[in-house]
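Several terms are used when a protein model is described. The questions below ask what stands behind them.

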Amino acid sequence: MADTYVLVHGAWHTGAEMEPVAQHLRERGHTVYCPTLAGNRSGDDRATSGLKEAAQSVVDYLEKNDLRNVRLVGHSYGGMVISQVADWVPDRIARLVYWVAFVPMNGECLNDMVPPHYKALFDEIAAANGNAVMLPYPIWREAFINDADAALAKSAYEQLNLQPYRTFTEPVVLQSELAAKPMGKSYLLCTEDTAMPHSLPWHPRLSERLGLYRLVSCPGSHELCFTDPALLARKMEEAGRD
């Protein structure tokens with residue numbers, strides 16, 4: 001069955017990095033959109049853009065394209081965005097898919113869910129960089145794309161862009177917790193993902209906040225979109241179908 005997917009990228013990314021996955025989904029018969037979030041677009045003010053603006057940009061995109069019955073997929077930081085979008089326009093969403101993504105409770109920001117050493121690092125980088133943050137390459141290489149060779153890790157890193165730090169510090173405001181929301185929910189787990197330490201895991205620490213949900217897992221790092229987009233597309237389809 002053909003479905004409509006909207007792939008919401010994570011921090012430091014744009015919609016362009018989602019296109020290889022999207023193309024595999026399209027080849028499987030689906031309609032796929034890959035918007036770039038406010039704050040990550042060329043010319044956006046990294047000092048002032050926050051989570052609210054990012055989420056509003058997705059709502060605007062859904063409304064402009066009159067998208068309904070959507071499989072809304074959020075990667076990493078994108079989980080914060082789709083959580084807010086689901087609160088604002090639940091009638092447009094058939095299923096939420098959290099791909100190794102943050103699952104907030106009402107009033108939480110992304111930084112509330114990361115280890116203290118990440119928050120301290122991001123605070124330091126943002127203070128020296130106009131309230132924008134970039135992931136240092138050694139962390140990217142070892143924790144985010146550990147299933148790539150050196151050449152792919154470097155070429156992928158060169159595609160990243162500065163992230164507005166307000167997207168990490170601004171909390172979601174939810175009328176009801178995600179577990180109480182009526183649409184379907186899935187969590188897509190990459191088993192070699194160490195972007196979050198395994199002592200503070202994506203699953204079940206964050207996934208169980210969805211209440212009733214479908215768990216789909218596959219091998220791979222946090223950045224499976226670079227290292228095996230075909231596998232990711234198959235698993236995304238598994239997570240997104242009714």
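The questions and answers that follow concern this predicted model.

Q: Why is Trp12 called buried?
A: The relative accessible area of Trp12 is 5%. Buried means under 20%, so Trp12 counts as buried.

Q: Where is Trp12 found, and what is its phi?
A: Trp12 is in the loop between β1 and α1 (19-27). Its phi is near 75°, a positive value in a residue other than glycine.

Q: What makes Val100 count as buried?
A: Val100 has a relative accessible area of 0%. The cut-off for buried is under 20%, and therefore Val100 is buried. Val100 belongs to the loop between β4 and α4 (116-127). Phi of Val100 is near 30°, which is positive although the residue is not glycine.

Q: Why is Glu208 called exposed?
A: Glu208 has a relative accessibility of 52%. Exposed means over 50%, so Glu208 counts as exposed. Glu208 lies in the loop between β7 and β8.

Q: How far apart are Glu208 and Val103 in sequence and in space?
A: The two are 105 residues apart in sequence, while their C-alpha atoms are 8.9 Å apart in space.

Q: Which peptide bond is cis, and what is its omega?
A: The bond from His203 to Pro204 is cis, with omega near 5°. Pro204 sits in the loop between β7 and β8.

Q: What makes β1 and β2 a pair of strands?
A: Strand β1 (residues 4-8) and β2 share three bridges. Pairing needs at least two bridges, so β1 and β2 count as paired. The sense of this pairing is parallel. Within it, Tyr5 stands opposite Val32 in β2.

Q: In what order do the six strands of the open sheet come?
A: The order is β2-β1-β3-β4-β7-β8, and the pairing is parallel. The edge strands are β2 (31-33) and β8 (214-218), since each pairs on one side only. Neighbouring strands of the sheet are turned by 20° against each other on average, direction ignored.

Q: Which helix packs on the sheet, and which strands does it touch?
A: Helix α9 (residues 229-240) packs there, touching β1, β3 (70-75), β4 (93-99), β7 (184-190) and β8. The direction of α9 makes about 170° with that of β8.

Q: How many cavities of 30 Å³ or more are counted?
A: The count is two. The largest cavity has a volume of about 110 Å³, and the second largest cavity holds about 30 Å³ of space.

Q: What lines the largest cavity?
A: The lining has 15 residues, and those nearest the centre are Trp12, Ser76, Phe102, Phe144 and Met196. By class, 13 of the lining residues are nonpolar, two are polar and none is charged.

How values were computed: Residues numbered from 1 in each chain as written. Predicted model: local features only at pLDDT ≥ 70, side-chain atom pairs only at ≥ 80, totals over all residues. Heavy atoms only, no water. 1 Å grid on protein atoms, 1.4 Å probe; cavity = no way out; pocket = protein on both sides within 12 Å on 5 of 7 lines; lining within 4 Å. Points joined across faces, edges and corners; volume = space filled by probe spheres on them. Nonpolar A, V, L, I, M, F, W, Y, C, P; charged D, E, K, R; others polar. Helix = DSSP H or I, 4+ residues; strand = E, 2+ residues; numbered from the N terminus. Axes fitted to C-alpha atoms, helices over the stretch in contact; angles between N-to-C directions. Contact = heavy atoms within 4.5 Å. Buried < 20%, exposed > 50% of the residue type's maximum accessible area, 1.4 Å probe, protein only.
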